[in-house]
Amino acid sequence: MKSKEIAKDIIQNVDLEAVKVIKKWTKAEKERIRAAIMELALLSITKSAKSRMEGFKDRHRKENKG
């Protein structure tokens, strides 16, 4: 059971404060990413965005046909 020994060694030697800081940073990054996705989603529903997306799809279809 080498993996259990390694896990036990990691648990005994882990710096809990470091883990807390890493978790805090990770949560903050997730929140920033979520906010960016929401902003992009809102931008994509505007009339001009929809028009640009349709133009892109039309060009893509033409390229794949010919």
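Student: Which side chain does E31 meet in a salt bridge?
Tutor: E31 meets R34, at 3.5 Å from N to O. Keep in mind that this is a predicted model.

Student: Where do E31 and R34 lie?
Tutor: Both are in helix 2. They are three residues apart, about one turn of the helix.

Student: How many salt bridges does a search of the whole structure find?
Tutor: Five. One of them joins R32 and E29, with the closest N and O atoms 2.4 Å apart. R32 and E29 also sit three residues apart in helix 2. E29 counts as partly exposed, with 40% relative accessibility.

Student: What does E17 pair with?
Tutor: E17 forms a salt bridge with K20. Their closest N and O atoms are 3.5 Å apart.

Student: What separates E17 and K20 along helix 2?
Tutor: About one helical turn, because they are three residues apart.

Student: Is K20 buried or exposed?
Tutor: Exposed, because its relative accessible area is 52% and the cut-off is over 50%.

Student: New topic. Which residues make the nonpolar surface patch?
Tutor: V14, L16 and V19. The patch covers about 240 Å². L16 belongs to helix 2, which runs over residues 16-44. L16 is exposed, at 58% relative accessible area.

Student: And helix 1, where is N13?
Tutor: N13 is in helix 1, residues 2-13. N13 is exposed, with a relative accessible area of 58%.

Student: Which side chain does N13 join in a polar contact?
Tutor: That of D9, at 2.8 Å.

How values were computed
Residues numbered from 1 in each chain as written. Predicted model: local features only at pLDDT ≥ 70, side-chain atom pairs only at ≥ 80, totals over all residues. Heavy atoms only, no water. Patch = residues over 30% accessible without salt bridge, like charges linked within 9 Å, V, L, I, M, F, W, Y side chains within 5 Å. Areas by Shrake-Rupley, 256 points an atom, 1.4 Å probe, with all protein chains shown as cover. Salt bridge = Lys/Arg side-chain N within 4 Å of Asp/Glu carboxyl O. Helix = DSSP H or I, 4+ residues; strand = E, 2+ residues; numbered from the N terminus. Buried < 20%, exposed > 50% of the residue type's maximum accessible area, 1.4 Å probe, protein only. Polar contact = N/O pair within 3.5 Å; in protein donor to acceptor, adjacent residues only side chain to side chain.
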